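Here are my notes on this one, as numbered points. Have the model open while you read.

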Amino acid sequence: MHLSEAKKKSMIEKWAEKHKALVSCPGCNEAIREDDDLETIEYIKTRRGTEIFLHRGCVEKVWKGRGRQ
Ligand SMILES: [Zn+2]
């Protein structure tokens, strides 16, 4: 799904407001802020309705790393 940067920005703001927390990338655990370079941020909505923001470079890491640990 392609989202414009403005759209991503407002979604990140909404997420942070709703969860009263910073958005963080599940791949590297770094915070994602609305003033980051959003071109490198991906948005994923899972089938359960969980919204995830993560760095493009971390997508593969997160998906491949599932069930490892
Ligand atoms: Zn990351």
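1. A bit of bookkeeping before the fold: helices (H or I, at least four residues) and strands (E, at least two) are DSSP runs, numbered from the N terminus. This is a predicted model, where local features need pLDDT of at least 70, side-chain atom pairs count only at pLDDT 80 or more, and totals for chains, interfaces and linings use all residues. Residues are numbered from 1 along each chain as its sequence is written.

2. On that basis the protein has two helices and four strands. Read from the N terminus, the order is α-β-β-β-β-α.

3. Overall dimensions next. The radius of gyration is taken over C-alpha atoms, and the globule rule is 2.2 Å times the number of residues to the power 0.38. For 69 residues a compact globule would come out near 11 Å, and the protein has 12 Å, which agrees. Along the principal axes, the C-alpha atoms fill a box of roughly 35 × 25 × 25 Å.

4. Now burial. A residue is buried if 20 or more other C-beta atoms lie within 10 Å of its own, exposed if 12 or fewer, and partly exposed in between, with C-beta atoms placed from the backbone. Buried residues are 12% of the 69 in the protein.

5. What makes up the largest nonpolar core? It has eight residues: Ile12, Val23, Cys25, Ile32, Leu38, Ile41, Phe53 and Leu54. (A nonpolar core is a set of buried Ala, Val, Leu, Ile, Met, Phe, Trp, Tyr and Cys residues joined through C-beta atoms within 7 Å.)

6. Two residues are in contact if their C-beta atoms, placed from the backbone, lie within 7 Å. Leaving out residues up to four places away in sequence, Phe53 touches Ile12, Val23, Cys25, Ile32, Ile41 and Tyr43. For the protein as a whole, take contacts between residues at least 6 apart in sequence: 49% of them join residues at least 24 apart.

7. β3 (41–45) and β4 (51–55) run antiparallel and are joined by five bridges. Two strands pair if DSSP finds at least two bridges between them. Ile41 stands opposite His55 in β4, and Ile44 has Ile52 as its bridge partner there.

8. The two strands form a hairpin with five residues between them, and Gly49 in the turn has a positive phi of about 90 degrees. Gly49 counts as exposed because it has 6 C-beta neighbours inside 10 Å. Its C-alpha atom is 18 Å from that of Leu22, 27 residues apart along the chain.

9. Most residues other than glycine have a negative phi.

10. Lys20 sits in the loop between α1 (5–19) and β1, and follows α1. With 6 other C-beta atoms within 10 Å, Lys20 is exposed. The C-alpha atoms of Lys20 and Arg47, 27 residues apart along the chain, are separated by 23 Å.

11. The loop between β1 and β2 holds Asn29, which is exposed, with 8 other C-beta atoms within 10 Å. Gly27 is found in the loop between β1 (23–24) and β2 (31–32) as well, but Gly27 is partly exposed, with 18 such atoms within 10 Å. Setting aside neighbours within four places in sequence, Gly27 is in contact with Leu54, His55, Cys58, Lys61 and Val62. From the C-alpha atom of Gly27 to that of Leu38, eleven residues apart along the chain, the separation is 16 Å.
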